Amino acid sequence: MSEQHAWLTEHGDYLYRFALARLRDPHQAEDVVQETLLAAIQNQSFEGKSAPRTWLTGILKHKIIDLMRKQVREQPMEDIGEDLPDEPGMDEFFSGDKRHWDEAPQKWDVPENDLEQKQFFITLQACMDRLPKKLASLFMLREVQEEDNEEICKALDITATNAWVMLYRARMSLRKCMELNWLS
């Protein structure tokens, strides 16, 4: 078996989990992993300057962004007005002047053992699943993948201002959900 054909066995599960965490759709995750491996095998540009997993993950990140761009371009007309939904309950975090925290965010302790970490990520994923898909995609690209804001705006076909507003809403929604489901 050639080195390229062993990549599926060695890195397939990792790539699938990586894609699933970002796309939240098992079928789409399978598709982008297949496209990644196919591109890697057909391109034959691996030069060994990095680990194969790192190189494959880089290709996968671009495949995920390409898929998000495609989804934005093919968004049904009825969904266009739902880009920035009003989130009820956000005002409760702020004082009467709407500019300062009413209560500072609760301190999150880092989960110390494996079971706590697993429960934390299950809760975080459940909260992410409650976000509108575009907000969740934006949050994953910015906060998890640490993508450049300009690249995110291109992928999601949004302006920089819109991205910051959406990111703010995603953070506030996740904060509220995590405080209700993890900290309490």
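**Rings, charges and helices**

Modeller: This is a predicted model. In it, the charged end of R53 sits over the ring of Y14, at 4.4 Å from the ring centre.

Biologist: What other charged end sits over a ring?

Modeller: That of R22 sits over the ring of F18, with 3.5 Å to the ring centre. The distance limit is 6 Å, and the value for R22 is 3.5 Å.

Biologist: How many aromatic pairs does a search of the whole structure find?

Modeller: The search finds three. One of them joins F120 and F121, with 5.2 Å centre to centre.

Biologist: Why is the pair of F120 and F121 called edge-to-face?

Modeller: Their planes lie 80° apart, and an angle over 60 degrees counts as edge-to-face, so the name applies.

Biologist: What makes F120 buried?

Modeller: Its relative accessible area is 12%. Buried means under 20%, so F120 qualifies.

Biologist: How do you know that the span of helix α3 agrees with expectation?

Modeller: The 22 residues of α3, 52–73, should span 32 Å at 1.5 Å a residue, and because the end C-alpha atoms are 32 Å apart, the two agree. Among the buried residues of α3 are W55, L56, I59 and L60.

Biologist: What is the reach of helix α5 from its first C-alpha to its last?

Modeller: Helix α5, residues 133–144, reaches 15 Å, close to the 16 Å expected for its 12 residues. Its buried residues include L135, L138, F139 and L141. Just after α5, E146 takes a positive phi of about 55°.

Notes: Residues are numbered from 1 along each chain as its sequence is written. This is a predicted model: local features need pLDDT of at least 70, side-chain atom pairs count only at pLDDT 80 or more; totals for chains, interfaces and linings use all residues. Side-chain values use heavy atoms; hydrogens and water are left out. Rings of Phe, Tyr and Trp (its six-membered ring) pair if their centres lie within 6.5 Å; planes under 30 degrees apart count as stacked, over 60 as edge-to-face and the rest as tilted. Buried means under 20% relative accessible area, exposed over 50%, partly exposed in between (1.4 Å probe, protein chains only). A charge sits over a ring if NZ of Lys or CZ of Arg is within 6 Å of the ring centre and within 35 degrees of the ring normal. Helices (H or I, at least four residues) and strands (E, at least two) are DSSP runs, numbered from the N terminus. The expected span of a helix is 1.5 Å times one less than its number of residues.
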